[in-house]
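Student: Hi! Could we go through this one together? I have some quick questions for you.
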Amino acid sequence: MRIALTGSSGLIGSAMARHLSSEHEVITLGRRATADIQVDLSDPSAVAALDLGEVNALVHCAGVVDEDFRDHPEAALRMAVFGADALVKAAVASGATHLVYVSSAHSYGPFVGKVDESTPINPVSDYAIAHFATEQVFRRQVKEGVAGVALRPCAVFGDLPDASQFRRWSLIPFSFARDAVRDHTIVIRSTGEQRRNYVGTEDIAACGTRWLGSNAGGWGALNPLGQLSATVYEFAELCASLSEELTGIPCAITRMPPSGRTAGDDFEYTSLSAITDGTQSVSDTTRRLMQALLQEV
């Protein structure tokens, strides 16, 4: 297939690019000079004017993030709705019959109880609402001969393509690792009893690649799953252990003392699909991140 890919320089998109390139021709789109086609996805008119050539699929990994809403909320919403709309229309007009959007588990709402692809959608934050809006923009282009899917990962971890350009250090899999090796202290601003499924970028990319190789039709959603489901506190303990192994210095963990049940301690993120299971090691990936951070010090 000839696949148009956005976000190829990002956390998930870089992994997606590696997976897709092994079997397909990948055309990258983005603001960076390294992109095959340079375009600002927050500029709908520029996106609408794109000449993609003939493509068989669109894989959109350049969705909005929390930092976009913090810094430029209007531009973030414009990108999520109007930019994405122009992009998917351009792809379908260029022959795309497969549409993949990397969304977020936050589309389901608060992380409580058992959640799978049949769980009703309930986005609450601006970030979640924007991702679900992009899903709908993709969904309305699905018709006879055009299939689409939204991938909804939970807590994402992975190897950083360029740490100097990474903006998402507030995410637990990255902030805990950095704080552990640099400060030897991990601060949890809650009880830490909330559960998460930690899914690797390689597993998200593998899930998307499998879907592209399937005969799926219509519109659907998939929850890419990682090997590790654990509480926030348990993940902090893993990071503390790895940090002490690498530095020889114990790492302290502070949190709010639990007093009774914590909302989200019953969270179980799962999937109804057989193509969502992941194999990427949280420990190995986090160790590589810590080693890279130590080299910078």
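Predicted model: local features only at pLDDT ≥ 70, side-chain atom pairs only at ≥ 80, totals over all residues.

Student: Noted. How many bridges join S10 to S12, and do they run parallel or antiparallel?

Tutor: Four bridges join S10, residues 195-200, to S12, residues 228-231, and the two strands run antiparallel.

Student: And what does S10 do with S8?

Tutor: S8 (residues 155-157) pairs with S10 in the parallel sense, over three bridges. For a residue pair to look at there, take Phe-157, whose bridge partner in S10 is Gly-200.

Student: Then what is the strand order in that sheet?

Tutor: The order is S8-S10-S12, an open sheet of three strands with mixed pairing. S8 and S12 are the edge strands, each pairing on one side only. From one strand to the next, the twist averages 35°.

Student: What about the sheet of seven strands, which order does that one have?

Tutor: That open sheet runs S3-S2-S1-S4-S5-S7-S11, with parallel pairing. Its edge strands are S3 (37-38) and S11 (219-222), and each of these pairs on one side only.

Student: Remind me, what do strands of a sheet pair through?

Tutor: Backbone hydrogen bonds, in either a parallel or an antiparallel arrangement.

Student: Let's zoom in. How many bridges are there between S1 and S2?

Tutor: Five bridges, in the parallel sense. One place to look is Leu-5, which has Thr-28 as its bridge partner in S2. S1 is also mostly covered, with four of its five residues buried.

Student: And S5 with S7, over how many bridges do they pair?

Tutor: Five bridges too: S5 (residues 98-102) and S7 (residues 147-151) pair in the parallel sense. Val-100 has Val-149 as its bridge partner in S7.

Student: Changing topic to helices. Which strands does H1 lie across?

Tutor: H1, residues 11-21, lies across S1 (2-6), S2 (25-30), S4 (57-60), S5 and S7. The helix runs at about 170° to S1.

Student: Why is H1 described as largely enclosed by the rest of the structure?

Tutor: Because eight of the 11 residues of H1 are buried. Among them are Leu-11, Ile-12, Met-16 and Leu-20.

Student: Which strands does H7 lie across?

Tutor: H7 (residues 201-212) lies across S1, S4, S5, S7 and S11, and runs at about 165° to S7.

Student: Is Cys-207 buried or exposed, and what about Cys-154?

Tutor: Cys-207 is buried, with a relative accessible area of 0%. Cys-154 has 12% relative accessibility, so it counts as buried as well, since the cut-off for buried is under 20%.

Student: One more residue: where is Thr-286 found?

Tutor: Thr-286 is in helix H9, residues 282-296. With 3% relative accessibility, Thr-286 counts as buried.

Student: What is Thr-286 in contact with, leaving aside its neighbours within four places in sequence?

Tutor: Its contacts are Ala-177, Phe-235, Cys-239 and Leu-242. For a distance across the model, the C-alpha atoms of Thr-286 and Ser-259 are separated by 30 Å, and these residues are 27 apart along the chain.

Student: Last topic, the whole chain. How many helices and strands are there?

Tutor: Nine helices and 14 strands. The radius of gyration is 19 Å, close to the 19 Å that the globule rule gives for 297 residues, so the chain is as compact as a globular protein of that length. Its C-alpha atoms fill a box of roughly 55 × 40 × 35 Å along the principal axes.

Student: And what share of the residues is buried?

Tutor: Buried residues make up 52% of the 297. The chain exposes about 13100 Å², with carbon and sulfur atoms supplying 49% of that area. As for contacts with a separation of 6 or more, 79% are between residues 24 or more positions apart.

How values were computed
Residues numbered from 1 in each chain as written. Heavy atoms only, no water. Pairing = 2+ DSSP bridges. Contact = heavy atoms within 4.5 Å. Axes fitted to C-alpha atoms, helices over the stretch in contact; angles between N-to-C directions. Rg over C-alpha atoms; globule rule 2.2 N^0.38 Å. Buried < 20%, exposed > 50% of the residue type's maximum accessible area, 1.4 Å probe, protein only. Areas by Shrake-Rupley, 256 points an atom, 1.4 Å probe, with all protein chains shown as cover.
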